[in-house]
Structure formats: structure tokens, C-alpha cells
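I opened this structure for the first time and wanted to learn how it is put together. These are my notes, in the order in which I looked things up.

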Amino acid sequence: TIPGDIERRMIDISKRMRSDFCGIDFAEDVDGKTWLLECNVSPQFMALQKTLNIDVSGMLIDFIINRF
């Protein structure tokens with residue numbers, strides 16, 4: 001689960017990039033500080049789907065259908 005403050009920051013980053021869908025990579029250091037590593041407007045998510053057993057592709061299709 002992504003902490004609420006991090007989720008809000010990721011949504012803000014997405015809005016600033018004017019992107020409805022993007023991949024945001026972040027890491028936490030030993031002191032607990034979160035760092036933005038990069039933001040991709042065309043992210044790869046196949047490994048994420050397999051690792052976490054979630055249907056990112058289906059969620060993205062649902063988002064697009066409901067958006068338009």
C-alpha cells in the first residue's frame with residue numbers, strides 16, 4: 001500500500017505532466033525520506049502485473065473506457 005502523502009505527490013506529478021497514466025519510480029532511503037527517481041509517460045508494467053498478480057492492462061482499459 002502506498003502511503004497517502006506519497007500517493008498525493010504522485011497524482012500531483014502526473015497532473016503537472018498532463019498525463020492520465022504514467023509510471024512513477026520512487027525509493028525510500030535509510031532515513032525514511034522518499035525520493036522521486038523518474039516518471040515515464042509510457043511505462044512498462046508487464047513485470048509488475050506478473051509480480052503482484054494484478055491486471056494493470058485491464059485497469060487501464062477500464063480507465064480509458066470510463067474516461068471517454
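Helices (H or I, at least four residues) and strands (E, at least two) are DSSP runs, numbered from the N terminus. I also noted that this is a predicted model, in which local features need pLDDT of at least 70 and side-chain atom pairs count only at pLDDT 80 or more, while totals for chains, interfaces and linings use all residues. Residues are numbered from 1 along each chain as its sequence is written, and side-chain values use heavy atoms, with hydrogens and water left out.

Entry 1, the overall plan. I found three helices and two strands in the protein, and along the sequence they follow the pattern α-β-β-α-α. The C-alpha trace spans about 40 × 30 × 20 Å along its principal axes. I then looked up burial, where buried means under 20% relative accessible area, exposed over 50%, and partly exposed in between (1.4 Å probe, protein chains only). Of the 68 residues, 21% count as buried. For contacts, which mean heavy atoms within 4.5 Å, I took the pairs at least 6 apart in sequence and noted that 15% of these contacts join residues at least 24 apart.

Entry 2, the strands. I saw that β1 (residues 23-28) and β2 (residues 34-40) pair in the antiparallel sense over six bridges. Reading across the pair, I found I24 opposite C39 in β2 and F26 opposite L36 in β2. The two strands form a hairpin with five residues between them, and G32 in the turn has a positive phi of about 85°. I also picked out E28, which sits in strand β1 and is exposed, with a relative accessible area of 61%. Apart from its neighbours within four places in sequence, E28 is in contact with K33 and T34.

C22 is buried, at 18% relative accessible area, whereas C39 counts as partly exposed at 22%.

A pocket, on a 1 Å grid over the protein atoms alone, is an open set of points where a 1.4 Å probe fits, with protein on both sides within 12 Å along at least five of seven lines, and lining residues have an atom within 4 Å of a point. Its volume is the space filled by probe spheres set on the points, which are joined across faces, edges and corners. I read a volume of about 960 Å³ for the largest pocket. The lining has 25 residues, of which M10, F21, C22, G23 and I24 lie nearest the centre of the pocket. The elements that give two or more residues to this lining are α1 (4-16), β1, α2 (46-52) and α3 (56-67), and α1 gives the most, with five residues. By class, I noted 16 nonpolar, five polar and four charged residues in the lining, where Ala, Val, Leu, Ile, Met, Phe, Trp, Tyr, Cys and Pro count as nonpolar, Asp, Glu, Lys and Arg as charged, and the others, Gly among them, as polar.

S14 is found in helix α1 and is buried, with a relative accessible area of 12%. Leaving aside its neighbours within four places in sequence, I found S14 in contact with S19, D20 and C22.

Where does R18 lie? I located R18 in the loop between α1 and β1, with a phi near 55°, a positive value in a residue other than glycine. R18 is exposed, at 80% relative accessible area. N53, in the loop between α2 and α3, also has a positive phi, near 55°, and is a residue other than glycine. At 71% relative accessibility, N53 counts as exposed.

Note on methods. Pairing = 2+ DSSP bridges.
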